[in-house]
Amino acid sequence: MAELGSKGVTAGKIASNVQKKLTRAQEKVLQKLGKADETKDEQFEQCVQNFNKQLSEGTRLQKDLRTYLSSVKAMHEASKKLTECLQEVYEPDWPGRDDTNKIAENNDLLWTDFHQKLVDQALLTMDTYLGQFPDIKSRIAKRGRKLVDYDSARHHFEALQTAKKKDETKIAKAEEELVKAQKVFEEMNIDLQEELPSLWNSRVGFYVNTFQSIAGLEENFHKEMSKLNQNLHDVLLGLDKQYSGNAFPIKAQPRKKTKLFARLRKKMSSDSTPAKANKSPSPPPDGSPITSPETKTVNHELEPSTLEAPGASIPKSPSQSSLPAVVVETFPATVNGTVEGGASSERADMPPGFLFKVQAMHDYTATDSDELQLKAGDVVLVIPFENPEEQDEGWLMGVKESDWIQHKELDQCRGVFPENFTERVQ
């Protein structure tokens with residue numbers, strides 16, 4: 001019997017709740033259609049807006065704080081890996097070995113302590129702060145439902161009072177329901193009217209405390225970390241002083257292409273005397289220009305078709321006697337494939353195609369016959385490669401200024417040199 005009674009009560013409650021939902025739904029429809037007035041409380045609505053804003057801001061802060069903590073943890077792991085690497089490469093016989101181990105241990109402890117304090121003093125406080133919002137949000141929603149019940153009871157009571165045929169029993173019962181609904185609503189409304197403004201105002205103190213805690217923890221963390229870094233700096237400085245004589249040498253980039261000048265100089269030394277004379281023919285007596293069929297001087301041997309060949313007939317101008325005509329094809333001035341200057345940049349006191357000056361910052365010992373031997377302080381006049389394809393990355397073509405002033409000759413003085421051993425001065 002008790003079980004049946006329990007089921008009956010449950011069924012009754014379910015039926016009652018279903019009826020309340022139907023009544024509320026009808027009341028809301030009438031209010032939306034303008035057939036029933038709705039009780040308004042602008043002050044409370046403003047409190048609800050503030051509550052929703054506060055909840056949104058707090059949720060975002062919580063999310064960003066968790067992201068910050070994840071970043072701190074990631075930095076801890078990265079720092080730990082870095083100090084472990086230092087411990088591995090720091091050889092046992094180097095001075096300060098024990099100090100580096102101690103610094104690494106303290107570094108790990110410092111990161112761990114920083115992360116834990118952020119959790120305790122910021123994240124957990126944040127979670128507690130947001131923990132009160134779900135209950136209040138639920139009570140706001142319930143207060144809204146009770147307001148609809150109150151409006152529905154009020155409208156029902158007013159309808160019975162204005163009916164042509166009045167039923168005093170029904171009116172009395174409706175009045176009783178109205179008083180009951182009003183009491184329930186007002187009790188919830190009064191509590192929230194006091195609680196929501198207080199909650200809204202509490203946000204200021206909470207934000208202050210949270211960010212003060214984070215700032216204070218960061219300040220102490222960085223102070224302690226700064227001390228560790230200074231200690232590590234001093235240890236490494238001692239290591240550097242002991243091994244300061246073993247400076248890391250500056251090296252030129254490796255050259256991969258064919259050694260141009262080795263070929264040219266070998267060719268020049270093996271050429272016949274007439275061929276050398278044809279390289280730089282003198283102008284004719286009447287000053288007319290030298291002309292010729294196609295002849296090219298590129299960074300390789302002169303084409304056989306342009307030199308004296310058995311049975312070949314070389315055209316001559318009226319003012320020329322026996323000099324073979326030669327035309328030298330000029331390439332644009334380039335460095336690393338970029339055209340710079342050109343004919344307009346040439347000056348009378350500079351070698352043909354002069355681009356700019358550089359000064360050697362370090363000594364460079366030539367490793368091939370087509371390379372320049374440099375001493376720190378030497379000034380080099382940079383000129384373009386005749387064939388850009390011969391240029392290796394990180395290498396320039398030039399002639400030392402002292403050699404150019406003394407000889408005014410490129411073939412014997414020019415050479416390639418590593419760019420990273422020099423600095424541009426003009």
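Okay, let's start with Cys 413: this cysteine is buried, at a relative accessible area of 10%. Keep in mind that we're looking at a predicted model. Cys 47 comes out buried too, because its relative accessibility of 10% is under the 20% cut-off.

Asp 411 and Arg 414 meet through their side chains in a salt bridge, 3.5 Å from N to O. Asp 411 is buried at 17% relative accessible area, and Arg 414 is buried as well, at 9%.

So where else do we get salt bridges? Searching the whole structure turns up twelve. One of them joins Asp 151 to Arg 154, at 2.9 Å from N to O. Both sit in helix H4, residues 133–161, about one turn of the helix apart, and both are buried.

Now go to helix H5, residues 168–242, where Glu 219 and Lys 223 are four residues apart. They form a salt bridge too, with 3.6 Å between the closest N and O atoms. Here the residues are partly exposed: Glu 219 at 45% and Lys 223 at 47%. There's also a network of salt bridges linking Asp 135, Arg 139 and Glu 195.

Last stop, the sheet. Five strands make an open, antiparallel sheet, in the order S6-S5-S4-S3-S7. S6 (415–418) and S7 (422–424) are the edge strands, each pairing on one side only. On average, neighbouring strands are turned by 50 degrees against each other, ignoring direction. Inside the sheet, S4 (379–383) and S5 (395–400) pair over four bridges, and Val 380 has Lys 400 in S5 as its bridge partner.

Methods: Residues are numbered from 1 along each chain as its sequence is written. This is a predicted model: local features need pLDDT of at least 70, side-chain atom pairs count only at pLDDT 80 or more; totals for chains, interfaces and linings use all residues. Side-chain values use heavy atoms; hydrogens and water are left out. Two strands pair if DSSP finds at least two bridges between them. Helices (H or I, at least four residues) and strands (E, at least two) are DSSP runs, numbered from the N terminus. Axes are lines fitted to C-alpha atoms, for helices over the stretch in contact, and angles run from 0 to 180 degrees between N-to-C directions. Buried means under 20% relative accessible area, exposed over 50%, partly exposed in between (1.4 Å probe, protein chains only). A salt bridge is a side-chain nitrogen of Lys or Arg within 4 Å of a carboxyl oxygen of Asp or Glu.
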